[in-house]
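Grab a pencil and let's work through a few exercises together. Try each task yourself before you read its solution.

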Amino acid sequence: MNSSKKIISQILLYTAVIAIVAFCLFPFLQMVSVSVKDIHDRANPSLIPKEIHLDAYKEILGFAEVDEAQSASIQNILKNPNLIDAQRDAILKKYENKNPFPFPRFMLNSFIFATVSTFISMTCAIFAAYAMARMEFRGMSIMRRGTLFVYLLGGVILMVPLYQMGAKLGLINNKVGVFIFMMLIYVMQTIPLALYMLGNYFRDIPYSIEEAAMIDGCTKLQTITKIIIPLSKPILVTVFVYCFIIGWNEYLYASVFLKPFGEMRTLSIAINELFFSKNDIWDRIMAASTLTLAPVLVFFFTFSKNMVAGMSDGGVKG
Amino acid sequence: MLNTTSVGTTNKSKTKKLVVKYKDEKLAWALVGPAVFIVTALIAYPTLLNIYLSFFDIGLDGSRTFVGLANYQNLLSNPSYFSSIWTTIIYLIGSVGGTTLLGLGTALLMNMEFKFRAIVRTIIIVPYFAPVISVVFGWKFIFDPVNGIFNYIFADTLGIINPSTNLIGDPNTAMWVLILFSIWKYFPITYLIILARLQIVDKALYEAASLDGANAWQRFRYVTLPEIEFVLGTTILLRTIWNLNRFEDIYLLAPQIKTLSIFTYEQAFTGVIDQGLAASASFVQLIFVGVGIVYYIKKILKW
């Protein structure tokens, strides 16, 4: 009686565990599966493809060959003697960009925005969080609470004023301006999180370690660079990955500011545009999605211990 | 106010501390300066500017005409604004409720002993970290009427639903998919926070309850629940604040679901652009979010 009860409870336990794992992983498996399936295999409900096709990846990454038939027909049109030069130039220009979806370029854009803004955020946040955790100064408590407030504030609320500010400062109608403005917006979205997580961590570092350093003649600034930063490596990695992911994910502001500047688009807006650009594009969409996911997964599984610790401390956003 | 931690007790050391403190204040401001500048220029100032803008009619060329409360009047007489509030409430109830229940259930499950527990605990966090843009199309595919597994099972195999059902395309059913998606994406945080709390519950409490003859439900109800009540409340409040602000997930998965965020975005950037109206809608949303945040900071967080 007792042992059969135990067996049943074990079965229930493992069924529940398998169900929850399946629920979590199924959409990912579905994505990867469709990305390698041939078009005729797509309606096949099985996750395992009949054959593995990497054509979608090749096309997305720009390794696929240029459509010969199309270029031949363009050549024929260009041979037409009635064409005036301006028309000829227009046609050439239209077909000049053979790949209208330079995925590697979009990936690079996302990477640049995410990493540069993370470095700026973290550099500012390390010093500010130290001061907020360790030093007493007028306006500090309002600053601590302010940090939390902005940490919970959503992007939608700042959308209109930021657009108006960008327009007034002449930053949103040229590439350089938009690049600087977007970078600042990325920093703005990550800095509260960095301040909050680093501040929590710094306060738990025993003060005696710093005192010892100061007795040895270290200045406050040297204490930060020589004692605090080396001691905080795990949290710095965690904060870096969190900030990078926020940047890599960003959609709202990129869709507002970067859309008019084709080659500056980030992954998130580019993939969404790709989805609505052609019919029957599932395989390439899934390949693009998988490639977007890959760096995040690499980060996550490399630093999973740090990430999990950061999450249960409540230092998460979203 | 004076910070009393690590301040000496004798008068002499107090004076010394004060002198150091004065020098420190300059350094402190130098250290926080850049961060404060970014937060002030890109968050605090825009928040105030938004309130100001909500009293203006903003032209496409950036011209501003003072209109008083007209934007708010327009907002309150706009039926789609009210329907977006209603949509947001449904979304919040479904997504916060579902996230909390699944997060709680998973936390209880992962607190038990079983094989491969460490790897399972890690795997189920992946949905939270996955970029929205990279998973949203996987979800769209599942419910695609032609190729998707959902229609394959429920229409082609079981015949419960019409084969032409487009769960995401149909505004009446898209909400269900959105709620399911939100639960899938955000229950890992709730689960982790509750699990962290569960792990420090004193085991002796359960033993004592068992000795008193409490069954599994009673142990949960009278031992576990009181212990985790606080974190449960915290996660519900935070999830409500965050989902109230949510934009990307909804806009990319099913933009026909007009929550407040989508309503504001569309007013500001698509169709007939009315940024003044959008500013007033943002401000109303800020009030709701702000009440939640202030409550969180004051009552829950001792920072």
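## Exercise 1: The core

Keep in mind that this is a predicted model. Its largest nonpolar core has 158 residues, and the ones with the most contacts inside it are Ala125(A), Ala128(A), Met159(A), Ile191(A), Ala194(A), Leu198(A) and Leu178(B).

**Task.** Find out which helix gives the largest share of this core, then list the contacts of Ala194(A), leaving aside its neighbours within four places in sequence.

**Solution.** 
- Step 1. Helix α8 (residues 171-198) of chain B comes out on top, with 16 residues in the core.
- Step 2. Now go to Ala194(A): once you skip neighbours within four places in sequence, its contacts are Ser121(A), Met122(A), Ala125(A), Val239(A) and Cys243(A).

## Exercise 2: A helix and its length

**Task.** Work out what span helix α8 (residues 175-203) of chain A should have, and check it against its end C-alpha atoms. Then find where α8(A) bends.

**Solution.** 
- Step 1. The expected span is 1.5 Å times one less than the number of residues.
- Step 2. This helix has 29 residues, so it should span 42 Å.
- Step 3. The end C-alpha atoms of α8(A) lie 41 Å apart, which agrees.
- Step 4. The bend sits at Thr190(A) and is about 35 degrees; a proline, Pro192(A), follows within four residues.

## Exercise 3: Two domains in chain B

**Task.** How far apart are the C-alpha centres of the two domains of chain B, and which elements of domain 1 touch domain 2?

**Solution.** 
- Step 1. The domain assignment gives domain 1 (11-66) and domain 2 (79-300) in chain B.
- Step 2. Their C-alpha centres are 34 Å apart.
- Step 3. Eight residues of domain 1 are in contact with seven residues of domain 2.
- Step 4. On the domain 1 side, α1 (11-53) and β1 (56-58) of chain B are the elements that give two or more residues.
- Step 5. That side splits into five nonpolar, two polar and one charged.

Technical notes. Residues are numbered from 1 along each chain as its sequence is written. Chains are lettered from A and ligands numbered from 1 in the order in which they are written. This is a predicted model: local features need pLDDT of at least 70, side-chain atom pairs count only at pLDDT 80 or more; totals for chains, interfaces and linings use all residues. Domain bounds come from an automatic or database domain assignment. Two residues are in contact if their C-beta atoms, placed from the backbone, lie within 7 Å. Ala, Val, Leu, Ile, Met, Phe, Trp, Tyr, Cys and Pro count as nonpolar, Asp, Glu, Lys and Arg as charged, and the others, Gly among them, as polar. The bend at a residue is the angle between axes fitted to the seven residues ending there and the seven starting there. A nonpolar core is a set of buried Ala, Val, Leu, Ile, Met, Phe, Trp, Tyr and Cys residues joined through C-beta atoms within 7 Å. A residue is buried if 20 or more other C-beta atoms lie within 10 Å of its own, exposed if 12 or fewer, and partly exposed in between; C-beta atoms are placed from the backbone.
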